[in-house]
Amino acid sequence: MINSRARAYALFREAFNDPGAEFRDGQLEAILALVDDHARQLVVQRTGWGKSLVYFLATRLLREKGAGVTLIVSPLLSLMSDQMLMAERLGVRAEMMTSASYDQWPEIRYRLQKGQIDVLFVTPEHLAHESFRTKTLPALQGRIGLLVIDEAHCISDWGHDFRPDYRRIVNIVNNLPSTVPVLATTATANNRVVEDIKTQLGDDLVVSSGPLTRTSLKLQTLRLESQKERFAWLAQYVPTLAGSGIIYTLTTRDADVVANWLQSKGIEAKAYHAAVGGEGISSEVREKLRRDIEDELRQNKVKALVATIALGMGFDKPDLGFVIHFQRPGSVIAYYQQVGRAGRAIGSAVAILMDGEEDAQIHEWFIKSAFPTLPEQEAIVAALETEPGLSLRQLERRVNVKHTRLSNALKHLEVDGIVSKDGSNYSRTLNPFRPNIERADAISAMRRREVAQMEAFVDHPGCLMEFVARELDDPAAAPCGKCASCLGHVIMPIDVDPELVTEAARWLRKADDGIKPKKQYPAGILAPGAKQIPLTDQCERGRTLTVYGESDLGEQVRTGKYQTGRFSDDLLDAAVECITNRWQPTPRPTWITWVPSRRNMSLVPDLARRLGLRLGIPAVEALAKPQDTQPQKEMQNSAQQARNVIGAFSTVSGSVPPGPVLLIDDIVDSGWTFAAAGIELRHAGSGPVFPFALARMRSQPDEA
């Protein structure tokens, strides 16, 4: 009979070519519990502790005893890629089922049936994939020797990164024989999350946890609320930090803008988020781009990645020297997970948290978008009861719900068994529709408390690491002696060069990627087959001056629109400077007009006329809006936005000059209003149409 302890030591020391190597506290115990006791256990250990070593060695031992394949449900492809290397080192044959490897799925299924695979990685999202459900899961039936749920806090409603697809795992657990061991792992679970996971995975779940304090980290918080100050601080001090690191932002736009700013200051930085590579590329190409960027950081080819939460769970660079938060994370637990990327294999690493003036607004958006509202769910269910078998795009034309919210709502409804998915089409099931709004409200209230707790953390007078550890319910929480509070002095300077602040303010005014022309109508809003917008009807690439509500100019847009009823001379000066110096549309506009409104009929015309005088071109009232439409800001997806304004404008007879035109509006969001107005102008004989808006709405936060 094989002695599991002795065999575990032998494999461990052989893999690392070290005859004296020792397991970390708790690793061997977790392995033996799986192999000898077939236990169901939750391991809560800090990042870098070595959770993957536990399940790979357990897999090796279980396979030697004749057990079936290990199924690992893991949230991110980057996590899988890193772990594949560890599996190879330990002599474990591992494969991944991802969208990028879809054409290899039949071969993987064949090898599973032949027993040629020890470990199969799959994302929780792929548990719902039709091919996985109908072909792979049956092939695994009775063949699973160990189930691993990585980043198990995602199961919990109360975890900081709850994901609906993780709830599908519970069904797999419930259908496993009691003799099959289950391992759930996480570094970010407090007592509330642990109890919730136990409720879902069974009361016989054994919880194993260790101290969560990271002794290598030096924490500090900074009160630099304005973006220009934070931009200046980054440019001034990032080059002085040892090694390479990560700068976390809350939105994709902020990641792009911060990375571009640092590049303009000669600092090697790259943006990393869910939309890397822009529109129109496949998920496979995008994932390769992201892996390439990760590798550049690992190889220290960049000083910093400016990243959203897309760079989170699973990314491993043991010598990462710093983590900076450009904006506050939504919870202390999320903060802990992100700073935990740094200082894993070095004696000292720095974690700097900044506090942004825009943070509260972004976090409120996160909270409100986490769960579908009751009206949204009712509208979706009603549409599917009336007309089953609708795709996401078809539902968008019937339900006024934003694309991302609609997709999220469908996922919740599917997991709850209210709708089913066949291919790309959704249908209503026979299950009763009983939405649990009280649960969503309770979780939202908890999220708001977490945001407030994170805000309190910024000004906490005591030990910062102890604050974090107590929030994680770590019984070993104690002063770290290394954070700025414990030391009684700053780790990194706070003062910022005033000239650099001024430069950052000027740069932020220029940080605009333009108003992209609409090239296609959303499918189905016109006659069948009419989708492409003719090139002669399209607007040119436009420009905005600022982001609504942000910086001094963004606030002036808000004030002029809703308080004074007139846009300031400062805004006018900035608009003139932007159009004549930074933008310089070509061919140069010979006249100017505006998007008419039936709600505020003088605000934008006044702006356009004043701009025309300053630019030396005539302002012409060329467009009219014969009847009211719904406020465009109430239209929640592209199909609804386009349908609301296409055909809503007309041209004033005989008032459209033939030359290039500057088309003015105060605020742009989707861009469909400009597109609809531009079509009318082009049909009436105008030259190229150049849209210009004072402000764009802030982009939505990124989703990993």
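The model is a predicted one, so local features need pLDDT of at least 70 and side-chain atom pairs count only at pLDDT 80 or more, while totals for chains, interfaces and linings use all residues. Residues are numbered from 1 along each chain as its sequence is written, and side-chain values use heavy atoms, with hydrogens and water left out.

H8 itself spans residues 191-201, and its buried residues (under 20% relative accessible area with a 1.4 Å probe, protein chains only; exposed is over 50%, partly exposed in between) are Val-193, Val-194, Asp-196, Ile-197, Gln-200 and Leu-201. They sit on the same side of H8, because their arc around the axis is only 165 degrees, taken from the directions from the helix axis to the C-beta atoms. In general, an α-helix has 3.6 residues a turn, so residues three or four places apart point the same way. The packing partners of this buried set are strands S1 (40-44), S5 (144-149), S6 (182-186) and S7 (206-209), plus helix H7 (167-174), where contact means heavy atoms within 4.5 Å.

Elsewhere, 6 strands make up an open, parallel sheet in the order S8-S13-S12-S9-S11-S10, with pairing called if DSSP finds at least two bridges between two strands. S8 (217-222) and S10 (269-272) are the edge strands; each has a single partner, so one side of each lacks a neighbour in the sheet.

A few backbone details stand out. Most residues other than glycine have a negative phi, and most peptide bonds are trans. His-38, not a glycine, has a positive phi of about 50 degrees; it lies in the loop between helix H2 (27-35) and S1 and is partly exposed at 34% relative accessibility. Asn-300, in the loop between helix H11 (283-298) and S11, also has a positive phi, near 60 degrees, and is partly exposed, with a relative accessible area of 44%. The Thr-586 to Pro-587 peptide bond is cis, omega being near 0 degrees, and Pro-587 falls in the loop between helix H22 (569-583) and strand S18 (591-594).

Notes:
Helix = DSSP H or I, 4+ residues; strand = E, 2+ residues; numbered from the N terminus.
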